[in-house]
Structure formats: structure tokens, C-alpha cells
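Take a look at the fold before moving on to the notes.

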Amino acid sequence: MRRDHKAYKKYKSKRWIKLRESFLARNPLCKNFEDCHNFSEHVDHIQRISGENDPLFYDESNLQALCIRCHSRKTAKEDGAFGNKKKNIK
């Protein structure tokens, strides 16, 4: 998704900003709170978005609240950073 500039623009849309604020208000703690003890700051797509028309973009069942640290770890694991093998995204 990061290479799809049209999809990236959706993160600046009024609809996404409103959804993000609402989601974080309802989910103030990181999904991994028992391990990290942090508040959530990111709304993460559980299943990576494939492009600008992906129906999962606004689907709340595909969202999770994560702190910066947990979100960075997940992204690095998916993108192959820090020695991780890059995952193939459908």
C-alpha cells in the first residue's frame, strides 16, 4: 500500500480522520497493553490495504489501536526491516 499514492491520500481524507479519532477515543489503550503498557496513538490495518479501492480501508473489523512502538514493530516485521523476511502481500 505504501507505494500506492492514491491510497495513501485516503489517510488525509475527512472520512479517515473522523474514523481514526473516533476509533482511538473508543480504544485508548494499545491492543498489546498487557505487554507494553502504552496508550494507543496509531490506528493500524490488521490486514494490509492493497490499494485505493480496498474495501477493508474503512472496515473497523480490520482496525486495531496500537502504540507507536507496537505499530513500528508490526510494520518492520511486514516490510522486512531489522532483518525480518518481507511478507508477501496479496
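From the N terminus on, the elements of this predicted protein chain follow the order α-α-α-β-β-α, which comes to four helices and two strands. Helices here are DSSP runs of H or I with at least four residues, strands are runs of E with at least two, and both are numbered from the N terminus. Residues are numbered from 1 along each chain as its sequence is written. Because the model is predicted, local features need pLDDT of at least 70 and side-chain atom pairs count only at pLDDT 80 or more, while totals for chains, interfaces and linings use all residues; side-chain values use heavy atoms, leaving out hydrogens and water.

**Overall picture**
- Of the 90 residues in the protein chain, 36% count as buried (buried is under 20% relative accessible area, exposed over 50%, partly exposed in between, with a 1.4 Å probe and protein chains only).
- The protein chain exposes about 6,600 Å², with carbon and sulfur atoms supplying 51% of it (areas by the Shrake-Rupley method with a 1.4 Å probe; for residues, only the protein chains shown count as cover).
- Among contacts between residues at least 6 apart in sequence, 54% join residues at least 24 apart (contact means heavy atoms within 4.5 Å).

**Nonpolar cores**
- The largest nonpolar core has 11 residues: W16, L19, F23, L24, V43, I49, L56, F57, Y58, L63 and A65 (a core is a set of buried Ala, Val, Leu, Ile, Met, Phe, Trp, Tyr and Cys residues joined through side-chain atoms within 4.5 Å).
- The elements giving two or more residues to this core are α2 (14-26) and β2, and α2 gives the most, with four residues.
- A second, separate core of five residues includes C30, L66, C67 and C70.
- Beyond its neighbours within four places in sequence, V43 is in contact with W16, R20, F23, L24, L63 and Q64.

**Helix α4**
- The 12 residues of α4 (residues 68-79) should span 16 Å at 1.5 Å a residue, and the end C-alpha atoms are 16 Å apart, which agrees (the expected span is 1.5 Å times one less than the number of residues).
- Buried in α4 are C70, H71, K74, T75, A76 and E78.
- The cover over the buried residues of α4 includes α3, β1 (42-45) and β2 (63-66).
- Just after α4, G80 takes a positive phi of about 85°.

**Around F33**
- F33 lies in helix α3 (residues 33-36).
- With a relative accessible area of 30%, F33 is partly exposed.
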